[in-house]
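Colleague: I have some questions about the labels used for this model. Please set each one against its cut-off.

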Amino acid sequence: MKKLKLDIIGLSYSQTQSGAYALVLGEVNGRRRLPIIIGGFEAQAIAIEIEKMTPSRPLTHDLFKSFADAYHINIQEVIIYNLVEGIFYAKLICNDGKKTLEIDARTSDAIALAVRFECPIYTYEFILASAGIVIEGNDFLFLDNIEPVAEDGPLTTSTTNSPSGKDKFTGYSTEELQTKLQEALAEEAYEKAAKIRDELNKRKSS
(Lines give C-alpha, C1' and ligand atoms only; values in the text may rest on other atoms or scores of the structure.)
Protein backbone atom coordinates (compact mmCIF):
# COMPACT_ATOMS: atom_id res chain seq x y z
CA MET A 1 0.00 0.00 0.00
CA LYS A 2 1.43 3.37 -1.04
CA LYS A 3 2.40 5.68 1.81
CA LEU A 4 1.62 9.40 1.72
CA LYS A 5 4.01 11.76 3.50
CA LEU A 6 2.68 14.28 6.01
CA ASP A 7 4.08 17.48 7.49
CA ILE A 8 3.06 19.15 10.74
CA ILE A 9 1.02 22.24 9.87
CA GLY A 10 0.31 23.47 13.37
CA LEU A 11 -1.36 23.14 16.76
CA SER A 12 -4.56 24.88 17.80
CA TYR A 13 -6.15 25.11 21.26
CA SER A 14 -9.72 23.82 21.46
CA GLN A 15 -12.22 26.36 22.76
CA THR A 16 -14.92 23.72 23.32
CA GLN A 17 -12.99 20.85 24.93
CA SER A 18 -10.92 21.81 27.96
CA GLY A 19 -7.28 20.75 27.78
CA ALA A 20 -7.56 19.50 24.20
CA TYR A 21 -5.53 20.60 21.19
CA ALA A 22 -5.85 20.06 17.48
CA LEU A 23 -2.74 18.71 15.81
CA VAL A 24 -3.02 19.36 12.08
CA LEU A 25 -0.97 17.31 9.63
CA GLY A 26 -0.79 18.25 5.97
CA GLU A 27 -0.34 16.15 2.86
CA VAL A 28 3.01 16.96 1.24
CA ASN A 29 2.40 18.52 -2.19
CA GLY A 30 -1.35 18.44 -1.55
CA ARG A 31 -4.19 20.47 -0.03
CA ARG A 32 -5.60 17.84 2.30
CA ARG A 33 -5.24 18.30 6.05
CA LEU A 34 -5.54 15.61 8.70
CA PRO A 35 -6.65 17.16 12.03
CA ILE A 36 -6.25 15.03 15.17
CA ILE A 37 -7.32 15.93 18.69
CA ILE A 38 -4.61 15.33 21.31
CA GLY A 39 -4.07 16.02 25.00
CA GLY A 40 -2.36 19.06 26.45
CA PHE A 41 0.78 17.22 27.59
CA GLU A 42 1.40 15.72 24.16
CA ALA A 43 0.68 19.06 22.47
CA GLN A 44 3.23 20.73 24.74
CA ALA A 45 5.79 18.01 24.00
CA ILE A 46 5.36 18.54 20.25
CA ALA A 47 5.39 22.35 20.45
CA ILE A 48 8.50 22.48 22.63
CA GLU A 49 10.51 20.44 20.15
CA ILE A 50 9.19 22.24 17.06
CA GLU A 51 10.02 25.62 18.59
CA LYS A 52 13.38 24.33 19.86
CA MET A 53 12.57 25.31 23.43
CA THR A 54 14.69 23.79 26.20
CA PRO A 55 12.79 22.67 29.33
CA SER A 56 14.60 22.80 32.66
CA ARG A 57 14.21 19.02 33.01
CA PRO A 58 13.68 16.37 30.30
CA LEU A 59 10.10 15.57 29.35
CA THR A 60 9.01 11.94 28.93
CA HIS A 61 9.58 11.99 25.17
CA ASP A 62 13.03 13.54 25.67
CA LEU A 63 13.87 10.72 28.09
CA PHE A 64 12.75 8.16 25.50
CA LYS A 65 15.01 9.81 22.90
CA SER A 66 18.02 9.79 25.26
CA PHE A 67 17.37 6.14 26.16
CA ALA A 68 17.10 5.15 22.50
CA ASP A 69 20.28 7.05 21.62
CA ALA A 70 22.17 5.33 24.44
CA TYR A 71 21.30 1.93 22.98
CA HIS A 72 21.72 3.00 19.34
CA ILE A 73 18.03 2.66 18.50
CA ASN A 74 16.65 4.93 15.80
CA ILE A 75 13.08 5.62 14.74
CA GLN A 76 13.15 5.55 10.95
CA GLU A 77 9.56 6.59 10.34
CA VAL A 78 6.12 6.95 11.88
CA ILE A 79 3.08 5.55 10.11
CA ILE A 80 -0.53 6.43 10.93
CA TYR A 81 -1.83 3.14 9.63
CA ASN A 82 -5.47 2.83 10.65
CA LEU A 83 -8.61 4.67 11.68
CA VAL A 84 -11.18 2.69 13.66
CA GLU A 85 -14.32 4.21 15.21
CA GLY A 86 -12.82 7.68 15.16
CA ILE A 87 -9.47 6.69 16.69
CA PHE A 88 -6.19 6.89 14.77
CA TYR A 89 -3.61 4.12 15.15
CA ALA A 90 0.12 4.70 14.65
CA LYS A 91 3.32 2.68 14.77
CA LEU A 92 7.01 3.41 15.09
CA ILE A 93 9.39 1.76 12.64
CA CYS A 94 12.57 1.27 14.71
CA ASN A 95 16.02 -0.05 13.88
CA ASP A 96 19.03 -0.83 16.07
CA GLY A 97 21.41 -1.54 13.20
CA LYS A 98 20.64 -5.26 13.24
CA LYS A 99 16.89 -5.60 12.92
CA THR A 100 13.79 -3.51 12.25
CA LEU A 101 10.82 -3.60 14.60
CA GLU A 102 7.33 -2.10 14.51
CA ILE A 103 6.05 -0.70 17.81
CA ASP A 104 2.44 0.33 18.33
CA ALA A 105 1.94 3.84 19.75
CA ARG A 106 -0.69 6.48 20.32
CA THR A 107 -0.63 8.90 17.41
CA SER A 108 0.16 11.88 19.64
CA ASP A 109 3.14 10.11 21.23
CA ALA A 110 4.34 8.91 17.83
CA ILE A 111 4.34 12.47 16.46
CA ALA A 112 6.11 13.80 19.58
CA LEU A 113 8.85 11.23 18.97
CA ALA A 114 8.94 11.86 15.21
CA VAL A 115 9.88 15.51 15.73
CA ARG A 116 12.67 14.47 18.12
CA PHE A 117 14.10 11.79 15.85
CA GLU A 118 13.52 14.02 12.80
CA CYS A 119 11.92 11.12 10.98
CA PRO A 120 9.18 11.28 8.32
CA ILE A 121 5.48 10.81 9.09
CA TYR A 122 3.29 8.80 6.72
CA THR A 123 -0.29 7.68 6.33
CA TYR A 124 -2.38 5.88 3.71
CA GLU A 125 -4.85 7.13 1.12
CA PHE A 126 -7.89 5.53 2.76
CA ILE A 127 -7.22 7.48 5.97
CA LEU A 128 -6.89 10.83 4.21
CA ALA A 129 -9.96 10.02 2.12
CA SER A 130 -11.94 9.24 5.27
CA ALA A 131 -10.74 11.87 7.76
CA GLY A 132 -8.85 14.41 5.64
CA ILE A 133 -10.19 17.89 4.93
CA VAL A 134 -9.44 19.72 1.70
CA ILE A 135 -8.73 23.39 2.36
CA GLU A 136 -8.38 26.40 0.14
CA GLY A 137 -6.56 29.46 1.40
CA ASN A 138 -4.90 30.19 4.72
CA ASP A 139 -3.91 27.41 7.11
CA PHE A 140 -4.13 29.79 10.07
CA LEU A 141 -7.81 30.48 9.33
CA PHE A 142 -8.35 26.73 9.14
CA LEU A 143 -6.62 26.24 12.51
CA ASP A 144 -8.84 28.87 14.11
CA ASN A 145 -12.06 27.10 13.07
CA ILE A 146 -11.63 23.42 13.88
CA GLU A 147 -13.58 21.58 16.53
CA PRO A 148 -12.61 18.29 18.25
CA VAL A 149 -14.38 14.95 18.05
CA ALA A 150 -12.33 12.52 20.19
CA GLU A 151 -8.83 12.24 21.64
CA ASP A 152 -6.36 10.98 19.05
CA GLY A 153 -9.32 11.09 16.69
CA PRO A 154 -10.35 13.28 13.73
CA LEU A 155 -11.78 16.78 13.85
CA THR A 156 -14.51 18.63 12.04
CA THR A 157 -14.51 22.24 10.95
CA SER A 158 -16.75 24.87 12.45
CA THR A 159 -18.52 27.39 10.25
CA THR A 160 -18.66 30.01 13.00
CA ASN A 161 -15.81 32.32 13.80
CA SER A 162 -15.63 31.77 17.55
CA PRO A 163 -12.96 33.68 19.48
CA SER A 164 -9.59 31.95 19.40
CA GLY A 165 -7.29 31.52 22.38
CA LYS A 166 -4.68 33.42 20.40
CA ASP A 167 -6.93 36.49 19.93
CA LYS A 168 -5.76 38.05 23.20
CA PHE A 169 -2.35 38.58 21.59
CA THR A 170 -3.61 40.39 18.49
CA GLY A 171 -3.61 43.79 20.23
CA TYR A 172 0.14 43.72 20.86
CA SER A 173 2.80 44.98 18.49
CA THR A 174 5.31 42.53 17.03
CA GLU A 175 8.04 43.94 19.29
CA GLU A 176 5.83 43.48 22.37
CA LEU A 177 5.05 39.91 21.33
CA GLN A 178 8.76 39.15 20.95
CA THR A 179 9.32 40.39 24.50
CA LYS A 180 6.38 38.37 25.83
CA LEU A 181 7.69 35.29 24.03
CA GLN A 182 11.05 35.58 25.78
CA GLU A 183 9.31 36.11 29.13
CA ALA A 184 7.13 33.03 28.60
CA LEU A 185 10.17 30.91 27.75
CA ALA A 186 12.01 32.16 30.83
CA GLU A 187 8.99 31.22 32.98
CA GLU A 188 8.73 27.80 31.24
CA ALA A 189 5.18 28.74 30.17
CA TYR A 190 5.54 26.74 26.98
CA GLU A 191 1.83 26.64 26.15
CA LYS A 192 1.65 30.44 26.26
CA ALA A 193 4.89 30.69 24.29
CA ALA A 194 3.48 28.43 21.56
CA LYS A 195 0.39 30.65 21.22
CA ILE A 196 2.52 33.78 20.98
CA ARG A 197 4.70 32.12 18.34
CA ASP A 198 1.54 31.19 16.41
CA GLU A 199 0.50 34.85 16.35
CA LEU A 200 3.97 35.94 15.20
CA ASN A 201 4.00 33.31 12.44
CA LYS A 202 0.50 34.37 11.40
CA ARG A 203 1.71 37.94 10.94
CA LYS A 204 4.73 36.83 8.93
CA SER A 205 2.53 34.88 6.52
CA SER A 206 0.04 37.71 5.96
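Colleague: Why is K3 called partly exposed?
Modeller: K3 has a relative accessible area of 32%. Buried means under 20% relative accessible area, exposed means over 50%, and partly exposed lies in between (1.4 Å probe, protein chains only). K3 is therefore partly exposed. This is a predicted model: local features need pLDDT of at least 70, side-chain atom pairs count only at pLDDT 80 or more, and totals for chains, interfaces and linings use all residues. Residues are numbered from 1 along each chain as its sequence is written, and side-chain values use heavy atoms, with hydrogens and water left out.

Colleague: What makes E77 and K3 a salt bridge?
Modeller: The closest N and O atoms of the pair are 2.8 Å apart. A salt bridge needs a side-chain nitrogen of Lys or Arg within 4 Å of a carboxyl oxygen of Asp or Glu. E77 and K3 therefore form one. E77 sits in strand β4 (residues 74–84) and K3 in strand β1 (residues 3–13). The two residues are 74 residues apart, so the pair links distant parts of the chain. Strands are DSSP runs of E, at least two residues; helices are runs of H or I, at least four; both are numbered from the N terminus.

Colleague: Why does E77 count as buried?
Modeller: Its relative accessibility is 16%, so E77 counts as buried.

Colleague: Why is α1 called roughly parallel to α3?
Modeller: The two helices pack at an angle of about 15°, with their axes 9 Å apart. Axes are lines fitted to C-alpha atoms, for helices over the stretch in contact; angles run from 0 to 180 degrees between N-to-C directions. Angles under 35 degrees count as roughly parallel, over 145 as roughly antiparallel, 65 to 115 as roughly perpendicular, and the rest as oblique. So α1 is roughly parallel to α3.

Colleague: Which residues of α1 meet α3?
Modeller: E42, A45, I46, E49 and I50 do. They meet S108, D109, I111, A112, V115 and R116 in α3. Contact means heavy atoms within 4.5 Å.

Colleague: Is E42 buried or exposed?
Modeller: At 8% relative accessibility, E42 counts as buried. E42 lies in helix α1 (residues 40–50). Leaving aside neighbours within four places in sequence, E42 is in contact with R106, S108 and D109.

Colleague: Which residues join α2 to α3 in contact?
Modeller: H61, D62, F64, K65, A68 and D69 in α2 meet D109, A112, L113, R116 and F117 in α3.
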